[in-house]
Amino acid sequence: MSVLSDKKIRSMQSFRTEIENPIVEKDILELEKKIQLFKEGKIDEERFRSLRLARGVYGQRQFGVQMIRIKLPYGKVTCQQLHRIADVSDEYSRGRLHITTRQDIQIHHVSLDRTPELWAQLEKDDITLREACGNAVRNVTASETAGIDIDEPFDVSPYADATFKFFLRNPICQEMGRKFKMSFSGTESDTAISFIHDLGFIAKIKTENGVVKKGFKVLLGGGLGSQPRHADVIYDFLEEDLLIPTIEGVLRIFDRFGERAKRAKARLKFLVKDVGINAFLQLVSEEISALENKTFKVDTTDFEQPIFFIENTIPSVTIEDEVGFNTWKETNVIQQKQAGLFAIGIKVHLGDFYTPKARLLADLVYKYASNEIRLTLRQNILIRHVREELLPFFYVELQKLGFANTGYNSTADITACPGTDTCNLGIASSTGIAVVLEKVLEEEYPKYLNNKEIAIKISGCMNACGQHNMAHIGFQGMSIKVGNLQAPALQILIGGGILGDGQGRFSDKLIKIPSKRGPEALRVLLNDVEKNQQSKETFLEYYDRQGKIYFYDLLKTLSDTTNLKPNDFIDWGHSENYVKAIGVGECAGVVIDLIATLLFESEEKITNAEQTLQENQFSDSIYHAYTSLVNTAKALLIAENIKTNTQAVIVSDFQKHFVETNKIELNGSFEALVYQIKKEKPTKAFAESYLNEAKSFYKKVAAFRKLEVSHV
């Protein structure tokens, strides 16, 4: 039995007094317990990694500290929540907040021991870490202008919110083969980039017999990474009440048939490609027939309330720079569909801002706007519901905070992942080159401060957290070997972008150059565009007209490594020679299972099935029992060195190697036992019988395993 220190016990007891939600309390106490068991050597390192990732705790490049990813559905943050996050960052980290391309906030350099306490503090304002990382449904993103966009058919925010809530802690998506990403776009502009997601939704309406119906265009199987794939359109119009059941059906099929052994092939896009879109949809259709919720009505009431302002007075201010103010209004201010209201975009350099300014911003928004900001997919902040007469006041106040820089969502607003600053997988500095490129644009190409046609994105490695391979101009961190030395490098990509209504294109890989030549590469490209682009020709049209080889030839001289200088071997933002150092990637890494750990987990799943059955959550109980059956079978297959790539393979191979050989005796086949989940309705009677069968199966396997081990 684990022996916890008095300090740990007091800490755990304090959680009980501070957390009102018993489900959340259980989650945090479990993390505390598992940290202790890990330190005592009672949990395998890989298994512990999986557990903490599912709770938003991610290992950093720096030894002994963690990155904490805070899950903020569709980027919505109240002013109270922003204060809470700032307080937590000051107490447990270094006061820096980082906005991600999935509308999360990350804080870095956190001690593992303090993560349960940190989580408990966040939950006081209904902020979670749960499933922000790991093989689960990641943060559900949405257009930051959802609910205020003049062109939107309806607000997608409540649907993104309902999706987040329905699948949070849902047993069907806790231990999938890889992560799963979803987005909701409010208009055909597709600002939430549906075509790169596992599931992407675009708001649509249609009229039938005089009745206006809300629904979504649905895209399936997209993704970035080293092998980007454009998602397939599976429905031109899916009625709103079918949204949640469709997602659940897709997740169940992905959980059952998705690859689990080969990490590089474990995303949904590979499964869809392998089985074919029609076969995949047939599996989903069969699965939906056994769901508890054949339809699911999303309650939009909370998102339809009148806009309320704390302060109705309009402070008087003096604008000293009218030209600057007008430029700011042109580049950073968006007219809302609500009459007389505007949204203000804040360009956040590399997504990084600090807690003192975060608190002042929260106070400003709370008093004079509507107690809500949205974090954006381009790592910025959008203030909503600002009265037109308050725009001068906000401009002055945001200037004081350094938040009034022009160029929101412009070419000069570069997206970049943290790269080698903190990420284990970073190969070259993405933030360092981003700083330099933004300086080049500001000083040499000021007209791009208001150009929203060209998007520049940078990733520190091939995993594309900075979305470089769907950018108009993208940079990917790499390395090049020159003699006995290695130099930081950038692969340049051109020609990607969002085309709208679910259509997009990926960038072409052009050439690899030393990182220190990145600024010159940008100059060469922009100079060429300015010289040769035709009137009314978009950047992508110009790229297509000239062709990939033209741009390759344009940049070719920059790839020459025979004339490198000592400075070329030092990465941006560093002072020492570059050393390529890649750690173990933790972003949804596949778990290396031990047999004993698997059997222990099967017991836990049976316990979860019992608890949810008692709470009359029959569908959840059934799925816990299902995962126990599969997990238990997997343990014996691994003991025999039999591959367990997917749940479906586990079921068929267990039948072949253990049931048909009479090693494990069942009343019928193992497939028939397990796949009752597809045929039976989620009733109390079935939940009870299925759970009893899972218990019986576990006892048989445990007895068999015990006998096998005793003979070794």
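Predicted model: local features only at pLDDT ≥ 70, side-chain atom pairs only at ≥ 80, totals over all residues.
1. Let's start with the inside. The largest nonpolar core has 84 residues, and the members that touch the most others are Phe-180, Phe-184, Phe-654 and Phe-670. Helix α18, covering residues 618-639, is the top contributor to this core, giving 11 residues.

2. Setting aside neighbours within four places in sequence, Phe-184 contacts several aromatic residues, including Tyr-159, Phe-201 and Phe-216. The contacts of Phe-184 also take in Val-140, Thr-141, Ala-142 and Ser-143, along with Val-156, Ala-160, Thr-163, Ala-192 and Leu-243.

3. There is another core to look at, lying apart from the largest one. This other core has 61 residues, among them Val-77, Cys-79, Leu-97 and Val-333.

4. Now to the sheet. Five strands form an open sheet in the order β1-β2-β5-β4-β13, and their pairing is antiparallel. At the edges sit β1 (57-59) and β13 (352-354), each of which pairs on one side only. From one strand to the next, the twist averages 35 degrees.

5. Strand β2 (residues 66-70) runs antiparallel to β1, and three bridges join the two. Within this pairing, Val-57 stands opposite Ile-68 of β2.

6. Finally, what packs on the sheet, touching β4 and β13? Helix α11, residues 355-368, does so, and its direction makes about 80 degrees with that of β13. The β4 strand that α11 touches spans 96-99.

Definitions and conventions
Residues numbered from 1 in each chain as written. Heavy atoms only, no water. Core = buried A, V, L, I, M, F, W, Y, C linked by side-chain atoms within 4.5 Å. Buried < 20%, exposed > 50% of the residue type's maximum accessible area, 1.4 Å probe, protein only. Helix = DSSP H or I, 4+ residues; strand = E, 2+ residues; numbered from the N terminus. Contact = heavy atoms within 4.5 Å. Pairing = 2+ DSSP bridges. Axes fitted to C-alpha atoms, helices over the stretch in contact; angles between N-to-C directions.
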